[in-house]
Amino acid sequence: MWTVASYVLRQKLAGRKQYPLVLMLEPLFRCNLACAGCGKIQYPAHILKKDLSPEECFRAVDECGAPMVSIPGGEPLMHPQIGEIIAGLVARRKYIYLCTNALLLKEKIHLFQPSKYLTFSIHLDGQRDGHDLAVCREGGYDIAVDAVKEALRRGFRVTTNTTLFDGANPKCVRAFFDEMMELGVEGMMLSPGYSYDKAPDQKHFLGRARTRRMFRAILSNRKKSWRFNLSPLFLEFLMGKKTYPCTPWGMPTYNVFGWQKPCYLLQDGYAETFAELLATTEWSNYGTESGNPACANCMVHSGYEASAVNATFSSLAGFLATVKATLFTGYHDEEALRLLDEPQAPVHPLVQIATPSESLQETRA
Ligand code: SF4
């Protein structure tokens, strides 16, 4: 927290309006899962075979300067030099979130050393049945939980990251939080799913109004034992208590194509350098307020968490709101309790593969 706070204050004092907070470094697109809601693995085979070299990763990290590096993919543990990449980033004193489905974690854990700079961010999309359904892999939850225990036993930092889609049962999500806290993870990350047009399942992405309703049910009346690894104001944004514009430059993406315009989710071209990305992207064309249909229902953390962090440091009111949200986490809300008791639509046991024309059409409310 101190590293982030001092970094953001330095950017403010330097008068930088657009600064990166987290570099999303995708060293490969290959994966050992084919999740229904993922838009990252639909590339042709010759692209899926490509890896960023450690040197390319280090150059991107140095160029960008963000204090945190999130390594999604693809599945980063399938990268043949992932140990070397992580060691190089730890040496640079970057806070790394290695995002993994954990299927290979026990097998590859000897490649890493426990460090305050390295956190395994384990992809778990809910309790056993919900997770296995989301990742289209029976037994995936048990393997991941086993790997979490092993990583904790060896002294690694471990968090979870959870993507929630339409049909997620708020009561089950809350029970999942209890399970993760009992397991001993350091914190939990949450995000609503983004409606990738390449994702096989197009029916279960959330629109903005439904996102807020679902997160209000999940995150109100919070238990003291729950710890989230997210800005408290971003959690309030998800609950509908705050509105922010998107700051896509806050979490820029570098992958085998270069610097992706404008964000982790959209691909409107690539830049060769981070400076070129900042200078040549038409930022006003993005974000919910822009009217861009690709942004209409987006509330994902890669667009809006940096906005929430920026709000904390932009005014005294923002800072005080963050202090309040950190100290008073109960969010007592009778209506949210009622939402928890609403009957849930049954979730279909099989993923429906839809054509893009059946994409969700919802709301910019
Ligand atoms: S609103 Fe979402 S999709 Fe649009 S630029 Fe921001 S993060 Fe990307």
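**A cis peptide bond and its strand**

Me: In which strand does proline 262 lie?
Reply: This is a predicted model, and what follows is computed from it. The peptide bond from lysine 261 to proline 262 is cis, with omega near -10°. Proline 262 belongs to residues 258–262, which make up strand 8.

Me: Which residues touch the most other members of the largest nonpolar core?
Reply: That core has 103 residues. Helix 7 (residues 140–153) gives the most to it, with six residues. Phenylalanine 177 touches Met188, Leu190, Ile218, Leu219, Trp226 and Phe228, leaving out residues up to four places away in sequence. The members that touch the most others are Leu25, Phe120 and Phe177.

Me: Which residues form one aromatic cluster with Phe29?
Reply: Ring centres within 6.5 Å make a pair. Phe29 belongs to one such cluster, together with Tyr43, Phe257 and Tyr270.

Me: How many residues in the lining of the largest cavity are nonpolar, polar and charged?
Reply: Cys counts as nonpolar under the classes used here, as does Leu. The lining of the largest cavity divides into 11 nonpolar, two polar and no charged residues.

Me: Against which elements do the buried residues of helix 4 pack?
Reply: Helix 4 covers residues 82–91. Its buried residues are Ile82, Gly83, Ile85, Ile86, Gly88 and Leu89. They pack against strand 1 (22–25), helix 3 (54–64), strand 2 (68–71), strand 3 (95–100) and strand 4 (118–123).

Me: Is arginine 93 buried or exposed?
Reply: Arginine 93 is found in the loop between helix 4 and strand 3. Its phi is near 60°, a positive value in a residue other than glycine. Its relative accessibility is 60%, so arginine 93 counts as exposed.

Me: Is asparagine 221 buried or exposed?
Reply: Asparagine 221 also has a positive phi, of about 50°, although it is not a glycine. Its place is in the loop between helix 9 and helix 10. Its relative accessibility is 14%, so asparagine 221 counts as buried.

Me: Which residues does phenylalanine 112 touch, not counting residues up to four places away in sequence?
Reply: Phenylalanine 112 is found in the loop between helix 5 (105–108) and strand 4. It is buried, with a relative accessible area of 4%. With residues up to four places away in sequence left out, its contacts are Leu77, Ile82, Gly83, Ile86, Leu98, Leu118, Phe120 and Phe156.

Me: How far apart in space are leucine 164 and alanine 134, C-alpha to C-alpha?
Reply: Leucine 164 is found in strand 5 (residues 157–164). Leucine 164 is buried, with a relative accessible area of 3%. Alanine 134 is 30 residues from leucine 164 in sequence, and the C-alpha to C-alpha distance is 9.1 Å.

Me: What distance separates the C-alpha atoms of threonine 273 and tryptophan 259?
Reply: Threonine 273 is in the loop between strand 9 (267–271) and helix 11 (274–280). At 32% relative accessibility, it counts as partly exposed. Not counting residues up to four places away in sequence, threonine 273 touches Glu63 and Trp259. Threonine 273 and tryptophan 259 are 14 residues apart along the chain, and their C-alpha atoms are separated by 6.6 Å.

Terms used
Residues are numbered from 1 along each chain as its sequence is written. This is a predicted model: local features need pLDDT of at least 70, side-chain atom pairs count only at pLDDT 80 or more; totals for chains, interfaces and linings use all residues. Side-chain values use heavy atoms; hydrogens and water are left out. Rings of Phe, Tyr and Trp (its six-membered ring) pair if their centres lie within 6.5 Å; planes under 30 degrees apart count as stacked, over 60 as edge-to-face and the rest as tilted. A nonpolar core is a set of buried Ala, Val, Leu, Ile, Met, Phe, Trp, Tyr and Cys residues joined through side-chain atoms within 4.5 Å. Buried means under 20% relative accessible area, exposed over 50%, partly exposed in between (1.4 Å probe, protein chains only). Helices (H or I, at least four residues) and strands (E, at least two) are DSSP runs, numbered from the N terminus. Contact means heavy atoms within 4.5 Å.
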